[in-house]
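Thanks for asking me to look over this one with you. Have the structure open beside these notes, and take the points in any order you like.

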Amino acid sequence: GGGGMRIPGRIAEDEEESEAGDDGEVDAAELTGYAEHLGFDLPREKDLMWICRMALQAPVPEGWTSHDDGDGNTYFYHAGKGESSWEHPSDQYFRKLLERFRRSLAKAEAS
């Protein structure tokens, strides 16, 4: 009786996410806090806040899972690597993205 395997899990997950009613609307305080965490220079770099918004809504990468430590703090664990991190695994990517756009912003300001 392996008939249950036909149901793609993706669909159910996507529905759950959309039910949260969180369509691009992020709490402003949360966004600012996360921007500072990523190293934004606010309010000077407010034009780059879309990077922060993306980072805040980024799904956990393949292989990673998020967990609660019991004190209300979220941590991330990669079973394959046996790694755990307090930081979202994608933060590093978004920091690099910020750096790249920060440089092009600086060039634009200089010219």
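The numbered points below walk through a few places worth a look in this predicted model.

1. Let's begin with a pair of helices. Helix H3 covers residues 49-57, and its axis comes within 10 Å of that of H4, the two crossing at roughly 170 degrees. An angle over 145 degrees counts as roughly antiparallel, and H3 and H4 are therefore roughly antiparallel to each other.

2. Next, which residues of H3 and H4 meet? From H3 come Trp50, Ile51, Met54 and Ala55, and from H4 come Phe94, Leu97, Leu98 and Phe101. Sorted by class, this contact of H3 with H4 has eight nonpolar residues, with no polar and no charged ones.

3. Staying with H3, you will find Met49, Ile51, Cys52 and Ala55 buried. Looking down the axis of H3, the buried residues fall within an arc of 150 degrees, so they line one face of the helix. What do the buried residues of H3 pack against? Their partners are helix H2 (28-38) and H4.

4. The peptide bond joining Leu42 and Pro43 is cis, with omega at about 5 degrees. As background, most peptide bonds are trans.

5. Now move to His88, in the loop between strand S3 (83-85) and helix H4 (91-110). Is His88 buried or exposed? The cut-off for buried is under 20% relative accessible area; His88 has 11%, so it counts as buried.

6. Leaving out neighbours within four places in sequence, His88 is in contact with Tyr34, Ala58, Pro59, Val60, Pro61 and Phe76. With Ala58 there is a further detail: a polar atom of the His88 side chain lies 3.2 Å from the backbone oxygen of Ala58.

7. Last, have a look at Tyr75, which sits in strand S2 (residues 74-78). Its relative accessibility is 27%, so Tyr75 counts as partly exposed. How far apart are the C-alpha atoms of Tyr75 and Trp86? They are separated by 4.5 Å, although the two residues are eleven apart along the chain.

Notes:
Residues are numbered from 1 along each chain as its sequence is written. This is a predicted model: local features need pLDDT of at least 70, side-chain atom pairs count only at pLDDT 80 or more; totals for chains, interfaces and linings use all residues. Side-chain values use heavy atoms; hydrogens and water are left out. Helices (H or I, at least four residues) and strands (E, at least two) are DSSP runs, numbered from the N terminus. Buried means under 20% relative accessible area, exposed over 50%, partly exposed in between (1.4 Å probe, protein chains only). A polar contact is a pair of N or O atoms within 3.5 Å; within protein, one must be able to donate a hydrogen and the other to accept it, and residues adjacent in sequence count only if both atoms are side-chain atoms. Contact means heavy atoms within 4.5 Å. Axes are lines fitted to C-alpha atoms, for helices over the stretch in contact, and angles run from 0 to 180 degrees between N-to-C directions. Angles under 35 degrees count as roughly parallel, over 145 as roughly antiparallel, 65 to 115 as roughly perpendicular and the rest as oblique. Ala, Val, Leu, Ile, Met, Phe, Trp, Tyr, Cys and Pro count as nonpolar, Asp, Glu, Lys and Arg as charged, and the others, Gly among them, as polar. The arc is that of the directions from the helix axis to the C-beta atoms.
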